[in-house]
Amino acid sequence: MKGADYAIECEGLTKKFGEFKAVDSINLKIKKGELFGFLGPNGAGKTTTIKMLTTLLTPNAGEAKVAGFDLKGEPEFVRSRIGVVPQEFALFGELTATENLWYIGKLFGMSDAGLKKRGEELLKIVGLYEHRNLPSEGYSGGMKQRLSVAAGLLHTPEIVFMDEPTTGLDPQSRIALRELTKKLNESGITIVYTTHDMEEADKLCERIAIMDKGKIIAEGTPEELKHKYGGMHKIELELGRHEGKVLSELKELVGAKEMKMDGKVIELSVPSVHGDVLHRTSNFFARKRVEVKEMRTREPSLEDVFINLTKKDARG
Ligand SMILES: Nc1ncnc2c1ncn2[C@@H]1O[C@H](COP(=O)(O)OP(=O)(O)O)[C@@H](O)[C@H]1O
Ligand SMILES: [Mg+2]
């Protein structure tokens, strides 16, 4: 049966290595056309999940449909509809960009004419057309990764899986690859993207599943996740002088639930930052004749979400 609305549906998907559950019974629905992210620290189970969904690893339990086809029963149909950009490059260094695509296209059984046309089109899309006749071993990390994306797109897949494509790239290449990912998604391709970079997931992905220790611990749009699990907004202040009495009045005034001192910085936790709270705070200190050296607000980030969900540092 072909599922109409979902690119991917899975239930109870599990992968064990010996007794260790690398992926522990995950349930998920990814809509067609979505740019969906798996976000989690190293070892969370992202790559193992991607490998199962792309038929490279057999699940120990669970069901999944990918592009409307049953993962177990119709793996060859699944493979024909998906493209994969793996975490490790799988290119031939001594071959040029054109030759690499040619080689991969031949593995897919593409015709010479079809391959030439599609190859050139893709090399333009990923910005490698000018470099197409140079051996790929001389490319920068970003160029290699873009060639890897082109390889994943060769047979015009409906869904592309990209496993930590920006890891190890310099900031410029990372930005270029994110732009390319957005462009591909806007052209109608469903993208499943993994990253351990919280800010990247926040910027790039429409919806995110946060993974930790083989489980999906939360799912939603970045906004929903921050709203639900991000905790308090912060107001941070640096003042000319500190007086306990003035500070407790301020706490009352802005409706802070908590006030902390971190070195010279005073941090107030408020349920939300209203338009006039900063204005009221400045007026308050002006009346008290206390100099405000610095005042800023901080919204919850996905890092806060992760910390709150796991109660440990995201990078620890
Ligand atoms: N082939 C394997 N054999 C044994 N353990 C594995 C294998 N592949 C992955 N693992 C373990 O499974 C867990 C999840 O790995 P992985 O899916 O690669 O995580 P991520 O991609 O999120 O960093 C890790 O603890 C990893 O060491
Ligand atoms: Mg991985």
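Predicted model: local features only at pLDDT ≥ 70, side-chain atom pairs only at ≥ 80, totals over all residues.
Ala44 uses its backbone instead, with an N or O atom 3.2 Å from a ligand oxygen. If you look around ligand 1, you will find a run of residues that includes Gly43, Ala44, Gly45, Lys46, Thr47 and Thr48. Phe17, Phe20 and Ala22 are also among the residues around this ligand.

Now stay with Thr47, please. Which residues coordinate the magnesium ion, ligand 2? They are Thr47, through OG1, and Gln87, through OE1, at 2.0 to 2.4 Å. These two come from distant parts of the chain, 40 residues apart: Thr47 sits in helix α1 (residues 46-53), and Gln87 in the loop between β6 (82-85) and α3 (97-107). Thr47 is partly exposed, at 23% relative accessibility, and Gln87 is partly exposed as well, at 35%.

On to the aromatic rings. How many aromatic pairs does the structure hold? There are four, and I'd like to show you two. Phe69 and Phe77 are stacked, 5.0 Å centre to centre with 15° between the planes. Phe69 is buried, at 11% relative accessible area, whereas Phe77 is partly exposed, at 39%. The other pair is Phe284 and Phe285: their centres are 5.2 Å apart and their planes lie at 70°, so this pair is edge-to-face. Here Phe284 is buried, at 3%, and Phe285 is buried too, at 1%.

One more ring before we zoom out: Tyr129. The charged end of Lys124 sits over the Tyr129 ring, 4.7 Å from its centre. The charged end of Arg132 sits over the Tyr129 ring as well, 3.9 Å from the ring centre.

Finally, the overall layout. The chain is divided into domain 1, residues 6-228, and domain 2, residues 232-299. Taken over C-alpha atoms, the centres of the two domains are separated by 45 Å.

Key. Residues numbered from 1 in each chain as written. Chains lettered and ligands numbered in written order. Heavy atoms only, no water. Phe/Tyr/Trp six-rings, centres within 6.5 Å; stacked < 30°, edge-to-face > 60°. Buried < 20%, exposed > 50% of the residue type's maximum accessible area, 1.4 Å probe, protein only. Lys NZ or Arg CZ within 6 Å of the ring centre and 35° of its normal. Donors = N, O, S within 2.8 Å, 3.2 Å for Na, K, Ca; no water. Helix = DSSP H or I, 4+ residues; strand = E, 2+ residues; numbered from the N terminus. Domains from an automatic or database assignment. Near = heavy atom within 4 Å. Polar contact = N/O pair within 3.5 Å; in protein donor to acceptor, adjacent residues only side chain to side chain.
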